[in-house]
Amino acid sequence: MRLNDKAVTFVTGLVLILGVGFFVHKGEEIFSPKQKTIQIAKADTETPTAANNTQSKIDTPTLPLETVVYKPQPKLEIYNDIKLVRAEQKPNTGAFESSENVSDFQPIQLDCSVKLSAKSLRGARVHIDVSAPCHSNKVVTIKHAGLLFNEYIDDTGLISITIPVLSNPAQIDVSFADGVTKSITTPVKDLSSLQRNGIAWSGHKALNLHANEVINGFDDNQPVPVSMQNKRSYKEAFVLGGGYLTTLGNPNIPDGNLIQIYTSQIIENAYVDFEVYVANKGIGCQDNLKLKTLQYTPDTGAQIVSKAITINQCAEKSENIVLKNLLRNMIVAQQN
């Protein structure tokens, strides 16, 4: 019995081993992908014959062959960690070259028209602005009420001036040596409450108007001189009383025209004595001097008189020559 049991056991184990091997073999067939043989038809580059066309089986169609040419890649250069690609062909610059040959290019034209504006200020003054872009650093002539003076336009083509005027409304004209002119008319404030006296001249003569004021009584007060050396502004005169002096014109312009005007409010108990000082420099004995005097009062309006004076003093006798009685003394109120 023991021997038979061992035989049975051996046979059983052999059957199990063979069964497992069979299962593994079949499993590989089940799970292994089946491969198919694919036949690739070769292209026939020869010309087909009539015999070939009569064959019963279908021949593979003739496929043309294409030749692919790969262009060489651009060379890479490294400069400061930056890759530079050098192109094989030069860029087309025809568009840029053609733009350089454009002949119909027109530069921007500058507006050369002269512009003049005016603003009326308190105290019968007019502020004017002149814009002349094509007359920069040129001499401009400004006229008003029969008098004129010269100034320079600055390097930007502009100039601004405040003028004590002599009429209401006031007309102001500007002109240049090339014939360009411009005019403007504006109403004036406060002219009826003022008196004005002055001188106008041209050339190299250095003139200076002095106004010796006596305010609030003639006997007790000493005259107060108002001149270019002892200036008083419009605001100071308006607040403190008395008058102020305005100079119009640029003395650096050769043979230029200049004006000096003294302005005073009409107040009681005021008396002004006028003198004209002439610098001796450039003045000789028996020299002639031409000038104009002006006076404005609300009653008479503007009065302008031309005068010619012969200077009899020689230059070495005094530093300045004093010309009296050129202007009438301004008496605002007679002494009681």
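This is a predicted model: local features need pLDDT of at least 70, side-chain atom pairs count only at pLDDT 80 or more; totals for chains, interfaces and linings use all residues.
Residues are numbered from 1 along each chain as its sequence is written, and side-chain values use heavy atoms, with hydrogens and water left out.

View A. Helices (H or I, at least four residues) and strands (E, at least two) are DSSP runs, numbered from the N terminus. Ile253 has a relative accessible area of 8% and is therefore buried; buried means under 20% relative accessible area, exposed over 50%, and partly exposed in between (1.4 Å probe, protein chains only). Apart from neighbours within four places in sequence, the contacts of Ile253 are Val139, Asn150, Glu151 and Tyr152, where contact means heavy atoms within 4.5 Å. Ile253 and Tyr152 are 101 residues apart along the chain, yet their C-alpha atoms are separated by 8.1 Å.

**View B. The open sheet E6-E5-E8-E9.** The sheet is formed by 4 strands with antiparallel pairing; two strands pair if DSSP finds at least two bridges between them. Its edge strands, E6 (147-152) and E9 (181-186), each pair on one side only. From one strand to the next, the twist averages 20 degrees; axes for such angles are lines fitted to C-alpha atoms, for helices over the stretch in contact, and angles run from 0 to 180 degrees between N-to-C directions. Strand E5 (residues 139-144) and strand E8 (residues 170-176) run antiparallel and are joined by 4 bridges. Ile142 has Val174 in E8 as its bridge partner.

**View C. The disulfide between Cys112 and Cys134.** A search of the whole structure finds 1 disulfide, a disulfide being a pair of cysteine sulfur atoms within 2.5 Å. The S to S distance for Cys112 and Cys134 is 1.8 Å, and the link is left-handed, with -60 degrees about the S-S bond. Cys112 lies in the loop between helix H3 (94-99) and strand E3 (115-121), and Cys134 in the loop between strand E4 (125-131) and E5, so the pair ties together parts that are 22 residues apart in sequence. Cys112 counts as partly exposed because its relative accessibility is 38%; Cys134, at 32%, also counts as partly exposed.

**View D. Aromatic pairs and a charge over a ring.** How many aromatic pairs does the count come to? The count is 3 aromatic pairs, using the rule that rings of Phe, Tyr and Trp (its six-membered ring) pair if their centres lie within 6.5 Å, with planes under 30 degrees apart counted as stacked, over 60 as edge-to-face and the rest as tilted. The rings of Tyr234 and Tyr244 have centres 5.7 Å apart and planes at 80 degrees, so this pair is edge-to-face. It links distant parts of the chain, with Tyr234 in helix H4 (residues 234-240) and Tyr244 in strand E13 (residues 243-248), 10 residues apart. Tyr234 and Tyr244 are both buried. The rings of Tyr262 and Phe274 are also edge-to-face, because their centres are 5.6 Å apart and their planes are at 75 degrees. Here Tyr262 belongs to strand E14 (residues 257-265) and Phe274 to strand E15 (residues 270-279), 12 residues apart. Tyr262 is buried at 0% relative accessibility, and Phe274 is buried at 3%. Ring pairs link Tyr234, Phe238 and Tyr244 into a cluster. Arg125 lies over the face of Tyr234, at 3.8 Å from the ring centre (a charge sits over a ring if NZ of Lys or CZ of Arg is within 6 Å of the ring centre and within 35 degrees of the ring normal).

**View E. Strand E11 and its partners E15 and E12.** Of the 9 residues of strand E11 (residues 207-215), 8 are buried, so E11 is largely enclosed by the rest of the structure. E11 and E15 run antiparallel and are joined by 9 bridges, with Ala270 in E15 as the bridge partner of Ile215. E11 also pairs with strand E12 (residues 224-226) in the antiparallel sense over 3 bridges, and Asn212 stands opposite Pro225 in E12.
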